[in-house]
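Subject: Structure handover

Hello,

Here is the structure for you to look through. Please open it first and then read the notes below it.

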Amino acid sequence: MKLERLVLENFRQFKGRQELVFSDLDERNVTLVHAENGFGKTTLLKALLWALYGRKGLLGFGAQDQDFERPDAIVHEGLALSATDPSRLFAMVELTFVHEGDRYTLTRQLSLAQQRAAPKETIPSLAVTRDGQTIDLPTPQRHIQAIVPDGISKLLFFNGERINYLAAERNSQQVTEAIHQMLGLSLLRTTIDDLRSQSVRGKLRAELRDCASDEKSALIERQQQLEQGIEQDRQRRRQTEANLVAIHDEVAAIDAKLAANRESAALQQRRQSLEQQRSALGERRDGIQQQLGKLIAEDGYTLFTGDLIRRGEEIVTRLRQEKKIPAKVQHAFLDDLLQQGTCICGRPLAEGSPERAKVEHLRPEAGDQAFNNAVAALDHAMGHIKGVAKTTAEALRRLNAERLYIKRQIEDCEEELNDIHNQVGVKHDDQVQQLERQRKDLELKENGLHTEIGRIDRDVETAEAELKQLATQISQLQDQEEAAARAQRRLDAVDDCAALLERILEAETQGLRPLLNDEIDSHFRRIMTKAYWAELTEDYTLRIRKKVAPSDPDQAHQVTDVALSTGERTVTSLVFIASLVALARKRSEIPTILKGLSGATYPVAIDSPFGSLSIFREGVARDIPELAPQVLLLVSPEQYNGAVEQALNASARVGRRYYLVYHGPTIPQRASPDLIVNGQRLQQYVATEGDEYTEIVSL
């Protein structure tokens, strides 16, 4: 998919017809839009999403309003107030793009009358041009979903200041789903879900229940109830996770407002520092807990072997005192002499001779080789266990001491955070007090949602255990009726097929993970100046790793997770998206179980790409043209001026530039009337007494 042109007409603050043409050159693949905050950067991004997905595209993750207030007010406000015929005033967005050699024109519009009646119900039109002929396609939304599914839209068209959620451990499931959708594996998941749906598996189970015995029918009924309950629980969990992300975003928005308020800025800055410190301590604590668990599982038994070691040492000491070990001579050696009838000195050992009697007399005092070996092995094992027990005890004491130290540090952070909450909550500023109350309410909601997730997980685990028992009971019941046997075979075939597809999906996902890891690490190392590396773990959590020198120089370096700052999380998320887009592009070249998958080219559009990057702005700006085959950047002067401008100019990858001009009676707060781009001064604010509106101007 390659974007060509975006046309807006009366869409929000863009009055009249406004047009933006995307750069489609391979070597100049970046389209840059300069604008002050509040002039319409976010609206441009949302116009693109509205054209593709309708109202759903205007909402953030979890169907929450993010960066776009009043998503049902689409038609330009000034024109809407003065309109005499609401049915003849339209807001329209038209997107032209090329996909697999065909040119598509996607149009979505909304009249003022429709906005007042049913703003959520918009029907797009999609025309495709092939061989010089233009054809209107039926079911346009289905075609759009096939080209760019809405499930991956948040990875392609997003606010750069909010994308850091991908690097959070709680979103590993979303990372997995993104991999499935962008790399052609979602079809497997859809097929699995279809096989296990009520229309397939449910229907077969109903047939089996109708012809099975009463006992088996009852078991099958219970099985169906449990599976429906598990699916409902999983849906609840997905929704709860989405709510958690939405709450996290709301808290971030409140924090930004508190940081910008003079009354609370210093305390808010300290709070953010403490929260990052608490998060880092929590990760260290979890790492220590894992080390303790591994230590106890592997070597914990040695701590309880003291009595056993003492008894073993007493036995070995007694055998040495009795001179049974080490043996002076072995049974096998004496038996060989007696069997050969010749002593080592050459004298004969004839039956009944005094010489033979002397050799036979030595036999009870001789040692058995197996016995000697067993005692030697026991002695060695006791020495090894004593050494391991000592090392284990020392490591256990050290880890416990470190765990308790971290626990106290976390408690100190919590105490200071609570003090900050109390101080901010009584500030002589009504807005600050209200924001702090909202923040506290959101924290309580977040805790409640985490508790709900734990409860859901326990319910699912209990239900799955009962399902396993039911499956065993059902398989043990032998139905005599041929119909029941046939229904059972069909049901088993569906279950086997779904299970096989699950294994294929897991194998495909795991098989692609090393390739994705290489892409992620390659992008990450180009941006990050520290000796860190990026990694996608087996459970699809994005992590940044580093080596830590041990206190003992004889020990090897340990690998640990880095406690990420907001900027580092954003970098990690951007790197993941770039890697996924790159892998999707060359999907057809990757040898996997699934055959016939073609590569897919996706553009990326980012609003405020450098907002939360701080020291990483230059590195990201240098690498961002490689993010995707086509990149749209919507930047404010604050983000662009300086290192970003130098890096993008040095790359020579910017193919088209635009800036937004705001017309209105007053200039937004903190905005400048002029914009300076590469040394050129541009007027970006025009004072007018009429409607407020924004226009797109080409540079």
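The largest nonpolar core in this structure has 123 residues, and Leu 44 and Leu 633 are the ones with the most contacts inside that core. Helix α17, which covers residues 482-527, gives the most to this core, with 11 residues. As background, nonpolar side chains tend to be buried together in soluble globular proteins. Please keep in mind that the model is predicted.

Which residues does Leu 633 touch, leaving aside its neighbours within four places in sequence? Leu 633 is in contact with Val 30, Thr 31, Leu 32 and Val 33, and also with Ile 606, Pro 609, Phe 610, Ile 624 and Leu 648.

The next notes concern the backbone. Most residues other than glycine have a negative phi. Glu 100 has a positive phi, near 50°, and is not a glycine. Glu 100 sits in the loop between β4 (90-99) and β5 (102-111). Is Glu 100 buried or exposed? Glu 100 counts as exposed because its relative accessibility is 65%, and the cut-off for exposed is over 50%.

Thr 139 also is not a glycine and has a positive phi, of about 40°. The loop that holds Thr 139 runs between β7 (133-136) and α5 (140-147). With a relative accessible area of 42%, Thr 139 is partly exposed.

Regards

Conventions:
Residues are numbered from 1 along each chain as its sequence is written. This is a predicted model: local features need pLDDT of at least 70, side-chain atom pairs count only at pLDDT 80 or more; totals for chains, interfaces and linings use all residues. Side-chain values use heavy atoms; hydrogens and water are left out. A nonpolar core is a set of buried Ala, Val, Leu, Ile, Met, Phe, Trp, Tyr and Cys residues joined through side-chain atoms within 4.5 Å. Buried means under 20% relative accessible area, exposed over 50%, partly exposed in between (1.4 Å probe, protein chains only). Helices (H or I, at least four residues) and strands (E, at least two) are DSSP runs, numbered from the N terminus. Contact means heavy atoms within 4.5 Å.
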